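Reader: Please take a close look at one part of this model, the surroundings of the ligand, and then go on to the helix packing and the backbone. Plain wording will do, with the cut-offs stated.

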Amino acid sequence: MKEDTLIASVGRNKDYTHGAVNTPVYHASTLIFETVRDMKKANAKLHTGGLSYGRRGNPTTYALSEAMCELEGADGCFLYPSGLAAITGAILSFAGSGDHILMADGVYEPTRNLAHKILKRMGITTTFYDPMIGDGIDGLIQDNTRIIFVEAPCSVTMEIQDIPAIAKAAHNRDVLVMMDNTWATPLHFKVFDHGVDVSIHAGTKYIVGHSDAMLGTVSTRAAHFEQLCNMSYQMGYCLSPDDAFLALRGLRTLKIRLKQHEANGLKIAQWLEGRPEVDHVRHPAFESCPGHEYWQRDFTGANGLFSFVLKQGHEAATTAMMEGMKHFKMGFSWGGYESLILTYHGINRYRTATGWAATGPLVRLHVGLEDPDDLIADLENAFVRFNQKI
Ligand SMILES: *Cc1c(COP(=O)(O)O)cnc(C)c1O
């Protein structure tokens with residue numbers, strides 16, 4: 001089945017849809033039984049279609065789990081109330097006191113904070129590594145290393161890692177590879193074909209796609225699902241059926257949205273590359289992006305999220321830039337239909353294993369589905385305001 005067909009059909013199990021095109025939103029904490037035998041039977045099936053108690057899953061959440069499995073080629077998918085909850089749940093399902101984690105220096109900042117502020121307190125230590133390390137990761141693996149946590153491209157700075165090389169080194173030493181695959185979505189990077197064991201998505205971003213729900217997913221092959229599922233269930237994670245419904249709805253248009261985000265993003269990135277204020281563009285499809293060759297080899301597409309570094313500019317200049325935008329709204333997050341802008345001063349603050357050479361501020365754009373010419377005009381005006389304050 002081709003991907004366009006697959007995405008239209010995933011998760012539409014008749015057991016859940018009961019004849020409707022889409023699985024309805026089932027609101028249920030409690031399910032009631034006629035016989036003790038039925039009750040025991042339903043309760044024996046944790047996250048495999050059994051209906052016994054809301055936290056153990058319901059038809060709407062099962063439909064989303066199955067859809068994610070079919071898209072990613074996974075055997076099981078556990079759902080969480082946010083992307084960060086998915087990251088926390090995945091790590092705590094596989095690491096405990098005395099264990100060690102290797103984490104890319106450019107991971108999503110809250111993931112970094114989780115390591116510093118929560119995992120550390122629980123006796124789990126973390127070493128951050130240069131995202132460009134490749135098979136050199138072998139030298140950092142300790143006897144107690146349990147997980148290598150990768151994210152590609154890195155949040156904000158956009159380096160792409162050589163995931164197959166890292167996975168090979170990890171598996172030689174019996175270490176699990178966990179990936180925050182939010183940027184690529186299930187469509188643009190096939191995690192399990194590249195050696196990843198545990199695939200994490202902030203569904204909040206492109207999967208939901210409309211900036212109106214939060215959720216996270218973690219998928220694995222059979223060998224790791226029982227542990228993930230049991231541990232995450234015991235920690236109390238579950239997802240509301242309304243948000244599962246919004247994710248299923250978003251999934252149906254994921255592929256066509258990504259195509260448009262990618263085309264709009266590339267047009268704007270190319271325009272930015274010609275601007276005198278811009279030092280360089282950090283877009284995985286550009287040669288100037290560290291690890292571009294791995295993106296070209298392993299990924300099947302880009303999207304609307306990328307960054308660029310300015311040659312110079314104090315906070316007053318970037319504030320003037322940000323505050324007058326018409327279409328690029330100022331806001332955290334990304335992956336909805338709308339364009340967003342954020343600026344970062346002092347990227348070094350987010351890094352411990354690697355330096356950051358550029359002295360100018362970094363601007364991160366999420367290019368939405370608006371007409372790119374309108375967006376370029378918006379940025380053109382932004383540079384006028386910026387240059388007045390520089
Ligand atoms: C947003 C984001 C998350 C966290 O998702 P939430 O739903 O906001 O908790 C995790 N990883 C990446 C790369 C993200 O961009």
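**The ligand and beyond**

Author: The ligand is surrounded by 14 residues, counted as near when one of their heavy atoms lies within 4 Å of it. The closest are Gly-83, Leu-84, Asp-180, Thr-204 and Lys-205. This is a predicted model, in which local features need pLDDT of at least 70 and side-chain atom pairs count only at pLDDT 80 or more, while totals for chains, interfaces and linings use all residues. Residues are numbered from 1 along each chain as its sequence is written, and side-chain values use heavy atoms, with hydrogens and water left out.

With Lys-205 the side chain is involved: one of its N or O atoms is 2.6 Å from an oxygen atom of the ligand.

Helices here are DSSP runs of H or I with at least four residues, strands are runs of E with at least two, and both are numbered from the N terminus. Axes are lines fitted to C-alpha atoms over the stretch in contact, and angles run from 0 to 180 degrees between N-to-C directions. On the H5 side, Gly-89, Ala-90, Leu-92, Ser-93 and Phe-94 make the contact, and on the H9 side His-224, Gln-227, Leu-228, Met-231 and Ser-232, contact meaning heavy atoms within 4.5 Å.

Elsewhere, helix H11 (residues 254–273) packs against helix H14 (residues 372–389) at about 30°, their axes 10 Å apart. Residues in this contact include Trp-271 of H11 and Phe-383 of H14.

Ala-152 and Pro-153 are joined by a cis peptide bond, with omega about -10°. Val-156, although not a glycine, has a positive phi of about 70°. Most residues other than glycine have a negative phi, and most peptide bonds are trans.

Definitions and conventions:
A polar contact is a pair of N or O atoms within 3.5 Å; within protein, one must be able to donate a hydrogen and the other to accept it, and residues adjacent in sequence count only if both atoms are side-chain atoms.
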